[in-house]
Amino acid sequence: MEQIEIIKPDDWHVHFRDNEILKAVVPETSRHFARSIVMPNLVPPILNAKQAIEYKNRIKKAIPARDKFEPLMTIYLTEETNKNELKNAYKNGAVFAVKLYPAGATTNSESGVKDIQKVMPILEMMTEIGMPLLIHGEVTDSNIDIFDREKVFIDEKLDFICKELPNLKITLEHITTKDATLYIKEGKKNLAASITPHHLALNRNAIFVGGIKPHNYCLPILKRESHRKALLKVAVSGNPKFFLGTDTAPHLTQDKESACGCAGVFNATYCLAILTQLFDNENSLCNLEKFVSRNGAYHYNLKSNNETILMVKSNAALSFEEYLYFDKQKIKIFKPDFPVYWNVIQ
Ligand SMILES: [Zn+2]
(Lines give C-alpha, C1' and ligand atoms only; values in the text may rest on other atoms or scores of the structure.)
Protein backbone atom coordinates (compact mmCIF):
# COMPACT_ATOMS: atom_id res chain seq x y z
CA MET A 1 0.00 0.00 0.00
CA GLU A 2 1.31 3.44 -0.90
CA GLN A 3 1.72 5.81 2.01
CA ILE A 4 3.26 9.13 2.90
CA GLU A 5 4.17 10.54 6.31
CA ILE A 6 4.15 14.31 6.70
CA ILE A 7 4.53 16.90 9.44
CA LYS A 8 1.14 17.51 11.04
CA PRO A 9 -0.60 20.24 8.99
CA ASP A 10 -1.95 23.63 10.04
CA ASP A 11 -5.02 25.35 8.64
CA TRP A 12 -4.34 29.05 8.28
CA HIS A 13 -7.97 30.11 7.70
CA VAL A 14 -11.04 28.60 9.39
CA HIS A 15 -14.53 29.70 10.39
CA PHE A 16 -15.81 28.03 13.55
CA ARG A 17 -18.86 30.30 14.02
CA ASP A 18 -20.26 29.98 17.56
CA ASN A 19 -22.58 28.06 19.92
CA GLU A 20 -23.92 24.71 18.64
CA ILE A 21 -22.25 24.96 15.22
CA LEU A 22 -18.90 25.64 16.88
CA LYS A 23 -19.23 22.52 19.03
CA ALA A 24 -20.03 20.44 15.95
CA VAL A 25 -17.26 21.69 13.66
CA VAL A 26 -14.21 22.26 15.89
CA PRO A 27 -13.49 18.49 16.22
CA GLU A 28 -13.52 18.17 12.40
CA THR A 29 -10.54 20.55 12.25
CA SER A 30 -8.74 19.60 15.47
CA ARG A 31 -8.66 15.92 14.40
CA HIS A 32 -6.06 16.50 11.69
CA PHE A 33 -4.61 19.96 12.22
CA ALA A 34 -2.26 21.26 14.91
CA ARG A 35 -3.07 24.97 14.62
CA SER A 36 -5.60 27.20 12.88
CA ILE A 37 -6.06 30.89 12.38
CA VAL A 38 -9.68 31.50 13.38
CA MET A 39 -11.69 34.14 11.54
CA PRO A 40 -13.42 36.86 13.59
CA ASN A 41 -16.57 37.44 11.50
CA LEU A 42 -19.09 36.38 14.12
CA VAL A 43 -22.32 38.26 14.80
CA PRO A 44 -21.26 40.55 16.46
CA PRO A 45 -17.64 40.41 15.23
CA ILE A 46 -14.54 39.89 17.40
CA LEU A 47 -13.34 43.48 17.80
CA ASN A 48 -10.98 43.41 20.79
CA ALA A 49 -8.74 41.24 22.96
CA LYS A 50 -11.42 40.52 25.55
CA GLN A 51 -13.79 39.13 22.93
CA ALA A 52 -10.95 37.15 21.30
CA ILE A 53 -9.98 35.54 24.62
CA GLU A 54 -13.58 34.63 25.43
CA TYR A 55 -14.05 33.19 21.94
CA LYS A 56 -10.83 31.20 22.25
CA ASN A 57 -12.10 29.70 25.51
CA ARG A 58 -15.35 28.63 23.83
CA ILE A 59 -13.32 26.98 21.06
CA LYS A 60 -11.05 25.23 23.55
CA LYS A 61 -14.06 23.70 25.30
CA ALA A 62 -15.10 22.14 21.98
CA ILE A 63 -11.73 20.43 21.33
CA PRO A 64 -11.98 16.69 22.07
CA ALA A 65 -9.54 15.39 24.73
CA ARG A 66 -7.81 13.22 22.07
CA ASP A 67 -6.60 16.30 20.12
CA LYS A 68 -3.77 18.72 20.74
CA PHE A 69 -4.90 21.82 18.89
CA GLU A 70 -4.15 25.51 19.15
CA PRO A 71 -6.54 28.16 17.86
CA LEU A 72 -4.80 31.41 16.85
CA MET A 73 -7.13 34.36 17.24
CA THR A 74 -7.79 37.35 15.01
CA ILE A 75 -9.32 40.79 15.39
CA TYR A 76 -11.83 42.15 12.90
CA LEU A 77 -10.45 45.43 11.58
CA THR A 78 -12.83 48.39 11.44
CA GLU A 79 -12.29 52.07 10.88
CA GLU A 80 -12.81 52.45 14.65
CA THR A 81 -10.24 49.85 15.80
CA ASN A 82 -8.15 51.22 18.68
CA LYS A 83 -4.48 51.21 17.69
CA ASN A 84 -2.99 50.97 21.18
CA GLU A 85 -5.39 48.29 22.36
CA LEU A 86 -4.56 46.27 19.27
CA LYS A 87 -0.85 46.66 19.86
CA ASN A 88 -1.22 45.42 23.44
CA ALA A 89 -3.44 42.52 22.36
CA TYR A 90 -0.70 41.35 20.01
CA LYS A 91 2.16 41.92 22.42
CA ASN A 92 0.52 39.96 25.24
CA GLY A 93 -0.36 37.08 22.89
CA ALA A 94 -4.16 37.41 23.06
CA VAL A 95 -4.41 37.82 19.29
CA PHE A 96 -2.24 36.63 16.44
CA ALA A 97 -3.34 38.68 13.44
CA VAL A 98 -5.77 41.25 12.07
CA LYS A 99 -8.41 40.50 9.44
CA LEU A 100 -9.34 43.08 6.85
CA TYR A 101 -12.72 42.62 5.21
CA PRO A 102 -13.76 45.24 2.68
CA ALA A 103 -17.25 46.20 3.93
CA GLY A 104 -19.84 43.82 2.46
CA ALA A 105 -17.38 41.41 0.82
CA THR A 106 -18.65 38.19 2.40
CA THR A 107 -20.58 36.56 5.28
CA ASN A 108 -20.95 39.01 8.22
CA SER A 109 -18.60 41.63 6.80
CA GLU A 110 -20.92 44.63 7.08
CA SER A 111 -18.69 46.38 9.64
CA GLY A 112 -15.59 45.99 7.48
CA VAL A 113 -13.35 48.69 6.05
CA LYS A 114 -14.79 51.13 3.51
CA ASP A 115 -11.78 53.42 3.13
CA ILE A 116 -8.29 51.89 3.40
CA GLN A 117 -6.81 55.35 4.12
CA LYS A 118 -8.65 55.41 7.44
CA VAL A 119 -6.86 52.29 8.70
CA MET A 120 -3.36 53.17 7.45
CA PRO A 121 -2.17 54.34 10.91
CA ILE A 122 -3.10 50.91 12.29
CA LEU A 123 -1.34 49.12 9.42
CA GLU A 124 1.76 51.25 10.09
CA MET A 125 1.73 50.21 13.75
CA MET A 126 1.31 46.54 12.71
CA THR A 127 4.33 46.89 10.40
CA GLU A 128 6.42 48.15 13.33
CA ILE A 129 5.51 45.28 15.66
CA GLY A 130 5.41 42.52 12.98
CA MET A 131 1.70 41.73 13.32
CA PRO A 132 0.29 39.93 10.23
CA LEU A 133 -2.54 41.41 8.14
CA LEU A 134 -4.95 38.90 6.62
CA ILE A 135 -6.94 40.21 3.68
CA HIS A 136 -10.18 39.18 2.02
CA GLY A 137 -9.07 40.52 -1.34
CA GLU A 138 -12.17 41.59 -3.22
CA VAL A 139 -13.62 45.00 -3.99
CA THR A 140 -17.31 45.35 -3.23
CA ASP A 141 -18.25 48.01 -5.79
CA SER A 142 -21.51 46.88 -7.37
CA ASN A 143 -20.26 48.07 -10.78
CA ILE A 144 -17.48 45.47 -10.76
CA ASP A 145 -18.34 42.04 -12.09
CA ILE A 146 -18.22 39.40 -9.34
CA PHE A 147 -15.64 37.38 -11.30
CA ASP A 148 -13.29 40.40 -11.55
CA ARG A 149 -13.43 41.58 -7.94
CA GLU A 150 -10.20 39.92 -6.80
CA LYS A 151 -8.12 41.28 -9.67
CA VAL A 152 -9.49 44.81 -9.21
CA PHE A 153 -8.74 44.62 -5.47
CA ILE A 154 -5.13 43.63 -6.21
CA ASP A 155 -4.69 46.44 -8.73
CA GLU A 156 -6.42 49.18 -6.77
CA LYS A 157 -6.01 48.32 -3.07
CA LEU A 158 -3.42 45.63 -2.38
CA ASP A 159 -0.79 47.19 -4.59
CA PHE A 160 -1.28 50.50 -2.76
CA ILE A 161 -0.84 48.84 0.68
CA CYS A 162 2.24 46.90 -0.46
CA LYS A 163 3.88 50.03 -1.86
CA GLU A 164 3.07 52.19 1.18
CA LEU A 165 4.13 49.53 3.69
CA PRO A 166 6.69 47.24 2.05
CA ASN A 167 7.57 45.59 5.37
CA LEU A 168 4.02 44.74 6.47
CA LYS A 169 3.45 40.97 6.65
CA ILE A 170 0.41 40.28 4.46
CA THR A 171 -1.57 37.17 3.61
CA LEU A 172 -3.87 37.51 0.62
CA GLU A 173 -6.39 34.90 1.63
CA HIS A 174 -8.18 32.25 -0.42
CA ILE A 175 -6.82 33.44 -3.77
CA THR A 176 -8.82 32.38 -6.82
CA THR A 177 -7.15 33.82 -9.92
CA LYS A 178 -4.07 33.47 -12.07
CA ASP A 179 -3.63 37.23 -11.58
CA ALA A 180 -3.26 36.70 -7.82
CA THR A 181 -0.70 33.91 -8.28
CA LEU A 182 1.41 36.20 -10.47
CA TYR A 183 1.14 39.18 -8.14
CA ILE A 184 2.17 37.07 -5.13
CA LYS A 185 5.05 35.36 -6.93
CA GLU A 186 6.49 38.65 -8.09
CA GLY A 187 5.58 40.57 -4.94
CA LYS A 188 7.55 41.56 -1.89
CA LYS A 189 9.06 39.01 0.47
CA ASN A 190 6.45 39.49 3.24
CA LEU A 191 3.52 38.86 0.91
CA ALA A 192 2.07 35.34 0.73
CA ALA A 193 -1.26 33.73 -0.13
CA SER A 194 -3.48 30.96 1.14
CA ILE A 195 -5.47 28.65 -1.15
CA THR A 196 -8.55 26.53 -0.34
CA PRO A 197 -9.10 22.89 -1.34
CA HIS A 198 -12.32 23.75 -3.17
CA HIS A 199 -10.65 26.40 -5.34
CA LEU A 200 -8.01 23.78 -6.24
CA ALA A 201 -10.63 21.13 -6.98
CA LEU A 202 -13.41 22.98 -8.80
CA ASN A 203 -13.97 25.62 -11.44
CA ARG A 204 -17.08 27.78 -11.81
CA ASN A 205 -18.91 25.16 -13.89
CA ALA A 206 -19.39 23.37 -10.58
CA ILE A 207 -21.83 26.09 -9.53
CA PHE A 208 -23.91 26.38 -12.70
CA VAL A 209 -23.77 23.31 -14.97
CA GLY A 210 -26.65 20.83 -14.73
CA GLY A 211 -28.63 23.06 -12.34
CA ILE A 212 -27.61 25.52 -9.67
CA LYS A 213 -25.35 23.97 -7.00
CA PRO A 214 -25.64 26.11 -3.86
CA HIS A 215 -23.13 24.02 -1.90
CA ASN A 216 -20.37 25.06 -4.31
CA TYR A 217 -21.16 28.76 -3.86
CA CYS A 218 -18.45 30.54 -1.90
CA LEU A 219 -16.69 33.90 -1.83
CA PRO A 220 -14.49 34.72 -3.59
CA ILE A 221 -16.56 32.82 -6.15
CA LEU A 222 -15.06 29.89 -8.11
CA LYS A 223 -13.40 31.07 -11.33
CA ARG A 224 -12.86 29.61 -14.81
CA GLU A 225 -10.66 26.54 -15.40
CA SER A 226 -7.56 28.50 -16.46
CA HIS A 227 -7.53 30.15 -13.03
CA ARG A 228 -8.00 26.83 -11.20
CA LYS A 229 -5.06 25.41 -13.14
CA ALA A 230 -2.88 28.39 -12.19
CA LEU A 231 -3.75 27.91 -8.50
CA LEU A 232 -3.00 24.20 -8.68
CA LYS A 233 0.32 24.88 -10.39
CA VAL A 234 1.60 27.18 -7.63
CA ALA A 235 0.21 24.97 -4.84
CA VAL A 236 1.96 21.81 -6.06
CA SER A 237 5.15 23.73 -6.94
CA GLY A 238 6.23 23.96 -3.31
CA ASN A 239 6.77 27.73 -3.64
CA PRO A 240 6.96 28.96 0.00
CA LYS A 241 4.63 31.90 -0.72
CA PHE A 242 1.59 29.61 -1.08
CA PHE A 243 0.00 27.50 1.65
CA LEU A 244 -3.24 25.93 2.81
CA GLY A 245 -6.03 28.00 4.31
CA THR A 246 -9.14 25.84 3.95
CA ASP A 247 -11.67 28.64 4.52
CA THR A 248 -13.88 25.86 5.88
CA ALA A 249 -17.13 27.73 6.50
CA PRO A 250 -20.11 25.89 7.99
CA HIS A 251 -23.65 26.92 7.16
CA LEU A 252 -26.78 24.87 7.88
CA THR A 253 -27.95 23.03 4.77
CA GLN A 254 -31.25 24.93 4.89
CA ASP A 255 -29.37 28.25 4.72
CA LYS A 256 -27.41 27.11 1.64
CA GLU A 257 -30.42 25.60 -0.17
CA SER A 258 -32.35 28.84 -0.22
CA ALA A 259 -33.54 31.60 -2.57
CA CYS A 260 -30.65 33.65 -1.17
CA GLY A 261 -28.13 31.01 -0.15
CA CYS A 262 -25.13 31.69 2.09
CA ALA A 263 -21.58 31.70 0.73
CA GLY A 264 -19.18 29.11 2.12
CA VAL A 265 -17.99 25.52 1.75
CA PHE A 266 -17.55 23.21 4.74
CA ASN A 267 -14.48 21.16 3.84
CA ALA A 268 -12.66 20.36 7.11
CA THR A 269 -13.67 16.68 7.23
CA TYR A 270 -11.94 15.37 4.07
CA CYS A 271 -9.70 18.30 3.23
CA LEU A 272 -6.37 16.49 3.63
CA ALA A 273 -7.55 13.42 1.74
CA ILE A 274 -8.72 15.61 -1.15
CA LEU A 275 -5.50 17.63 -1.23
CA THR A 276 -3.33 14.53 -1.17
CA GLN A 277 -5.29 13.18 -4.13
CA LEU A 278 -4.87 16.47 -6.01
CA PHE A 279 -1.11 16.45 -5.40
CA ASP A 280 -0.93 12.76 -6.41
CA ASN A 281 -2.84 13.51 -9.62
CA GLU A 282 -0.17 16.13 -10.41
CA ASN A 283 2.71 13.76 -9.50
CA SER A 284 3.68 16.21 -6.77
CA LEU A 285 3.27 14.32 -3.50
CA CYS A 286 6.82 15.39 -2.66
CA ASN A 287 5.54 18.97 -2.20
CA LEU A 288 2.39 18.19 -0.19
CA GLU A 289 4.15 18.73 3.15
CA LYS A 290 5.37 22.15 2.07
CA PHE A 291 1.86 23.29 1.13
CA VAL A 292 0.00 21.93 4.18
CA SER A 293 2.63 21.94 6.94
CA ARG A 294 5.70 24.06 6.24
CA ASN A 295 5.09 27.14 4.09
CA GLY A 296 2.44 28.75 6.30
CA ALA A 297 4.46 28.30 9.49
CA TYR A 298 7.45 29.82 7.71
CA HIS A 299 5.43 32.85 6.57
CA TYR A 300 4.14 33.41 10.13
CA ASN A 301 7.59 32.92 11.73
CA LEU A 302 6.39 29.84 13.61
CA LYS A 303 8.08 26.49 14.00
CA SER A 304 6.68 23.53 12.10
CA ASN A 305 4.84 21.01 14.27
CA ASN A 306 6.69 18.12 15.91
CA GLU A 307 4.07 15.46 15.26
CA THR A 308 3.43 13.73 11.95
CA ILE A 309 0.41 12.22 10.25
CA LEU A 310 0.27 9.25 7.91
CA MET A 311 -1.63 9.39 4.62
CA VAL A 312 -2.47 6.01 3.09
CA LYS A 313 -3.71 5.24 -0.44
CA SER A 314 -6.34 2.50 -0.82
CA ASN A 315 -7.37 0.57 -3.89
CA ALA A 316 -10.98 1.62 -3.41
CA ALA A 317 -12.17 5.23 -3.52
CA LEU A 318 -13.00 6.78 -0.16
CA SER A 319 -16.72 6.94 0.58
CA PHE A 320 -17.65 10.36 1.91
CA GLU A 321 -20.20 11.07 4.61
CA GLU A 322 -22.62 13.52 3.05
CA TYR A 323 -23.52 15.55 6.13
CA LEU A 324 -22.24 16.51 9.55
CA TYR A 325 -25.28 16.06 11.82
CA PHE A 326 -25.88 17.81 15.13
CA ASP A 327 -28.96 18.82 17.13
CA LYS A 328 -31.43 17.78 14.38
CA GLN A 329 -29.50 20.10 12.03
CA LYS A 330 -27.02 19.29 9.30
CA ILE A 331 -24.11 20.78 7.38
CA LYS A 332 -23.17 19.54 3.90
CA ILE A 333 -19.59 18.20 3.74
CA PHE A 334 -17.54 19.19 0.69
CA LYS A 335 -16.97 16.41 -1.83
CA PRO A 336 -15.05 16.94 -5.08
CA ASP A 337 -16.13 15.57 -8.47
CA PHE A 338 -13.22 13.11 -8.73
CA PRO A 339 -12.45 9.91 -6.78
CA VAL A 340 -10.24 10.19 -3.69
CA TYR A 341 -8.11 7.17 -2.74
CA TRP A 342 -6.08 8.77 0.05
CA ASN A 343 -7.05 9.06 3.68
CA VAL A 344 -5.50 10.14 6.95
CA ILE A 345 -4.44 7.32 9.28
CA GLN A 346 -3.66 8.65 12.75
ZN1 LIG B 1 -13.13 32.93 5.10
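In this predicted model, Ile63 is in contact with Val26, Ser30 and Phe69, leaving aside its neighbours within four places in sequence. Ile63 belongs to the loop that joins helix H2 (49–62) to strand S4 (70–76). Its relative accessible area is 15%, and because the cut-off for buried is under 20%, Ile63 counts as buried. The chain also brings Thr29 to this region: the C-alpha atoms of Ile63 and Thr29 are separated by 9.2 Å, although the two residues stand 34 residues apart along the chain.

One of the pairings is that of strand S5 (residues 97–100) with strand S6 (residues 133–135), which takes place over 3 bridges. Within it, Lys99 has Leu134 in S6 as its bridge partner.

H9 has 13 residues and reaches 18 Å from its first C-alpha to its last, close to the 18 Å expected at 1.5 Å a residue. Just after H9 comes Gly238, with a positive phi of about 85°.

The axes of helix H11 (residues 271–281) and helix H12 (residues 288–299) come within 9 Å and cross at roughly 140°. That angle makes H11 oblique to H12. On the H11 side the contact involves Leu272, Leu275, Thr276 and Phe279, and these meet Leu288, Phe291 and Val292 in H12. Sorted by class, this contact has 6 nonpolar residues, 1 polar residue and no charged residues.

H11 leads on to another sheet, as it lies across S10 and S13 and runs at about 130° to S13. This open sheet is formed by 3 strands in the order S1-S10-S13, and here the pairing is antiparallel. Strand S1 (3–7) and strand S13 (342–345) stand at the edges with a single partner strand each, so one side of each has no neighbour in the sheet. Direction ignored, neighbouring strands of this sheet are turned by 30° against each other on average. S1 is joined to strand S10 (residues 308–313) by 5 bridges, and Ile7 has Thr308 in S10 as its bridge partner. In both kinds of sheet, parallel or antiparallel, strands pair through backbone hydrogen bonds.

A last stop is Thr253, located in helix H10 (residues 253–256). Thr253 is buried, and its relative accessible area is 5%. Not counting residues up to four places away in sequence, Thr253 touches His215, Tyr323, Lys330, Ile331 and Lys332.

Technical notes. Residues are numbered from 1 along each chain as its sequence is written. This is a predicted model: local features need pLDDT of at least 70, side-chain atom pairs count only at pLDDT 80 or more; totals for chains, interfaces and linings use all residues. Side-chain values use heavy atoms; hydrogens and water are left out. Axes are lines fitted to C-alpha atoms, for helices over the stretch in contact, and angles run from 0 to 180 degrees between N-to-C directions. Helices (H or I, at least four residues) and strands (E, at least two) are DSSP runs, numbered from the N terminus. Angles under 35 degrees count as roughly parallel, over 145 as roughly antiparallel, 65 to 115 as roughly perpendicular and the rest as oblique. Contact means heavy atoms within 4.5 Å. Ala, Val, Leu, Ile, Met, Phe, Trp, Tyr, Cys and Pro count as nonpolar, Asp, Glu, Lys and Arg as charged, and the others, Gly among them, as polar. Two strands pair if DSSP finds at least two bridges between them. The expected span of a helix is 1.5 Å times one less than its number of residues. Buried means under 20% relative accessible area, exposed over 50%, partly exposed in between (1.4 Å probe, protein chains only).
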